[in-house]
Amino acid sequence: MKWNDLEKPWQIALELAWESFKSGSLPIAALIVDMGGNVVSTGRNRILEGQLKNRNMAHAEMDALMNFDYDAHPEVRSYCMYTTLEPCPMCMGTIVMSDVRRVRIATRDPWAGAVDMCQLPYVASKNMDVAFEEGIMPRILTVLYLYKLWEGYANRVRSKDFLVVLEEHFPVETALARDLLDKNVLRKFADDGVKIEDVYNHIQNHIEGK
């Protein structure tokens, strides 16, 4: 799927994820869309940005929900959250408690992803509608995410077990991310102000062997 073929919410989510990457945080973004397809709240990962008192909670989904005006949107149960990475336990639980009932996820997180929480009796009673995207877009986001992990974030984490799990699930994307990192490609793109659609196309061409 080419950039121009993406749904508008996914284009915005990718733009926000790229903004997080450029700011030094993990390239993860989330947004809330109303019944008419209008984006009513956005959020992005900020865990590696120093201006926050509790950066451990500065996940994209949490950011989007904290920015959401509940009083202005009483029909929230009909709204949809788009997120570029499968929510962790903190974020998935917060989504459930926030009354958002529809979630669209780009790429899976085999280490911390918590969609399986939907099987819990309490969560199941909420009738959550959760679905993962298919195609090239999730793979592009996976490469971007893995690039940032290998670029330096992993050095901040005591256990490296999660890198092993991610490589087992995404061997092709891991190899590409490491190759791009060795050449400093994406960080140079960020420093040079390259737009996300061009980054998207560049990674897509690599995945497709062009």
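**Entry 1: the packing of α9**

I started with helix α9, whose buried residues pack against α1, α5, α7 (171-182) and α8 (185-191). Before going on, I noted that this is a predicted model, where local features need pLDDT of at least 70, side-chain atom pairs count only at pLDDT 80 or more, and totals for chains, interfaces and linings use all residues. I also noted that residues are numbered from 1 along each chain as its sequence is written, and that side-chain values use heavy atoms, with hydrogens and water left out.

My helices (H or I, at least four residues) and strands (E, at least two) are DSSP runs, numbered from the N terminus. For burial I used relative accessible area: buried is under 20%, exposed is over 50%, and partly exposed is in between (1.4 Å probe, protein chains only).

Which residues of α9 are buried? I found I196, V199, Y200, I203, Q204 and I207. They sit on the same side of α9, because they cover an arc of only 130° around the axis. The arc is taken from the directions from the helix axis to the C-beta atoms.

I then checked the length of α9. The expected span is 1.5 Å times one less than the number of residues. For the 12 residues of α9 (residues 196-207) that should give 16 Å, and the end C-alpha atoms are 16 Å apart, which agrees. Just past α9, I noted G209 with a positive phi of about 70°.

**Entry 2: helix α6**

Next I looked at α6 (residues 161-169), where F162, L163, V165 and L166 are the buried residues. Down the axis of α6 these fall within an arc of 160°, so they line one face of the helix. What do they pack against? I found α5 and α7 there.

**Entry 3: salt bridges**

Side chains of opposite charge can pair when their charged atoms come close. I called a pair a salt bridge when a side-chain nitrogen of Lys or Arg is within 4 Å of a carboxyl oxygen of Asp or Glu. How many salt bridges does that rule give? The count is 12.

I went through a few of them. E19 and R44 meet through their side chains at 3.4 Å, N to O. E19 is in helix α1 (residues 8-22) and R44 is in strand β2 (residues 39-44), so the pair ties together parts that are 25 residues apart in sequence. E19 is partly exposed, at 36% relative accessibility, while R44 is buried, with a relative accessible area of 5%.

R44 also makes a salt bridge with E49, at 2.7 Å, N to O. I checked E49 for burial too, and it is buried at 7% relative accessible area.

In helix α5 (residues 136-151) I found K148 and E151, which are 3 residues apart, about one turn of the helix. Their side chains form a salt bridge at 3.4 Å, N to O. Here K148 is buried, with a relative accessible area of 8%, and E151 is partly exposed, with 25%.

S20 is in helix α1. Is S20 buried or exposed? I have it as buried, at 0% relative accessibility. I counted contact as heavy atoms within 4.5 Å. Leaving aside neighbours within four places in sequence, S20 is in contact with S25, L26, P27, I28, R44 and N45.

I have K8 as exposed, with a relative accessible area of 53%. K8 and V39 are 31 residues apart in sequence, and their C-alpha atoms are 9.1 Å apart in space.

**Entry 4: cysteines**

Last, I looked for disulfides, meaning pairs of cysteine sulfur atoms within 2.5 Å. How many are there in the whole structure? The search found 0.

C80 is in no disulfide, and the nearest cysteine sulfur, that of C118, is 13 Å away. C80 is buried, with a relative accessible area of 3%. C91 is in no disulfide either, and there the nearest cysteine sulfur is that of C88, 3.7 Å away. C91 is buried as well, at 1% relative accessible area.
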